[in-house]
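Me: I am new to this structure and would like to learn how to read its surface and its pockets, one feature at a time. Could you take me through them slowly?

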Amino acid sequence: MATGMSLTLCFLTLRHKRPKAKYIIWPRIDQKSCFKSMVTAGFEPVVIENVLEGDELRTDLNAVEAKVQELGPDRILCIHSTTSCFAPRVPDRLEELAVICANYDIPHVVNNAYGLQSSKCMHLIQQGARVGRIDVFVQSLDKNFMVPVGGAIIAGFNDSFIQEISKMYPGRASASPSLDVLITLLSLGCNGYKKLLKERKEMFVYLSTELKKLAEAHNERLLQTPHNPISLAMTLRTLGGQHGKAVTQLGSMLFTRQVSGARVVPLGSVQTVSGYTFQGFMSHTDNYPCAYLNAAAAIGMKTQDVDLFIKRLEKCLNTVEKEQNKASVVSGVDNYNRAGDVDIEEMALKLDSVLGDKHQ
């Protein structure tokens, strides 16, 4: 199963341990599958809005603890946190959340979808388990091992609990994901995989440098998100007019040019997921200050991939900006013509008035 269904399996296993539980506390991340995983398991997600610190969106620990006290620990199935995410959201404060879970005896499930490739994300999980409580963390095979979509690794620090999750699975699964990752790991070897992890870190630095140059050339800026080790974001303030039309146009232009990893986030998007309505969907908060574009340095990325992405993004930005300028010029001409028409109408009225006076 992929990451979302694997999370659902974890929640269903916890149900037997906590029969009174009805809620899952979830620091908001605008990604559909992790939200649907809670609803599919039959629980009510309690959304905790993030707090803006500089450019970063971070976990509101006070709101989490207040909600635990309000609902009561016995009625909470778990806290469902996230490591890897799209900037400007950054990984949850896992250590602090793990301490809250330990203090109130609440299970802690971590969505680590992209995080296996990041030593920083894995360090957060290790530290969280050391100082508090982390029961299970789930990571995607395709995002971390470059294999086809459809598999996930469910891991934890308690072998018996992982075995319980495994036994909950009804029926037989396809062997294809297991076979794909086995062949991949055998062909890479330990050193080969470590080399890819090292290269990914280098590509993140290179992507950050190149994206910052491009942003500054277009009077934009790279958002400062030092706590996010995988994803970056640059502002799109100059394209923010026309109700985000230019922003969404940029996204579609990138997609048609086979730039599928990047995404643009306009202001004010509203999305309903499994009956829950999110304001500012995709930006992880109701009102982020600006529209922006995401780019991530994932495992397997090469220097030429970054160069090609920057080249195509620059072309698309130039095209959108030219169209915006052209539209503003046309609008200005129209306004000028309308002003001229008004002057002519006024002169005609005055002339009619004068001629009318003479006739009388």
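Me: Why does Leu 182 count as partly exposed?

Reply: Buried means under 20% relative accessible area, exposed means over 50%, and partly exposed lies in between, with a 1.4 Å probe and protein chains only. Leu 182 has 46% relative accessibility, and therefore counts as partly exposed; this residue is found in helix 8, which covers residues 176-217, where helices are DSSP runs of H or I with at least four residues and strands are runs of E with at least two, numbered from the N terminus. Please keep in mind that this is a predicted model, in which local features need pLDDT of at least 70 and side-chain atom pairs count only at pLDDT 80 or more, while totals for chains, interfaces and linings use all residues. Residues are numbered from 1 along each chain as its sequence is written, and side-chain values use heavy atoms, with hydrogens and water left out.

Me: Where is Tyr 288 found, and is Tyr 288 buried or exposed?

Reply: Tyr 288 is found in the loop between strand 12 (276-279) and strand 13, and because its relative accessibility is 7%, Tyr 288 counts as buried. The C-alpha atoms of Tyr 288 and Pro 266 are separated by 9.7 Å, the two residues being 22 apart along the chain.

Me: How should I read the largest pocket, and what is its volume?

Reply: Rolling a probe the size of a water molecule over the atoms shows where empty space is left. On a 1 Å grid over the protein atoms alone, a pocket is an open set of points where a 1.4 Å probe fits, with protein on both sides within 12 Å along at least five of seven lines, and lining residues have an atom within 4 Å of a point. A volume is the space filled by probe spheres set on the points, which are joined across faces, edges and corners. Here the largest pocket has a volume of about 780 Å³, and of the 30 residues that line it, Ser 260, Gly 261, Ala 262, Ala 296 and Met 301 are the closest to its centre. Helix 10 gives the largest share of this lining, 5 residues.

Me: Which residues lie nearest the centre of the second largest pocket?

Reply: The second largest pocket holds about 460 Å³ of space, and of its 19 lining residues, Met 1, Ala 152, Ile 153, Ile 154 and Ser 178 lie nearest its centre. The largest share of the lining of this second largest pocket, 4 residues, comes from helix 7.
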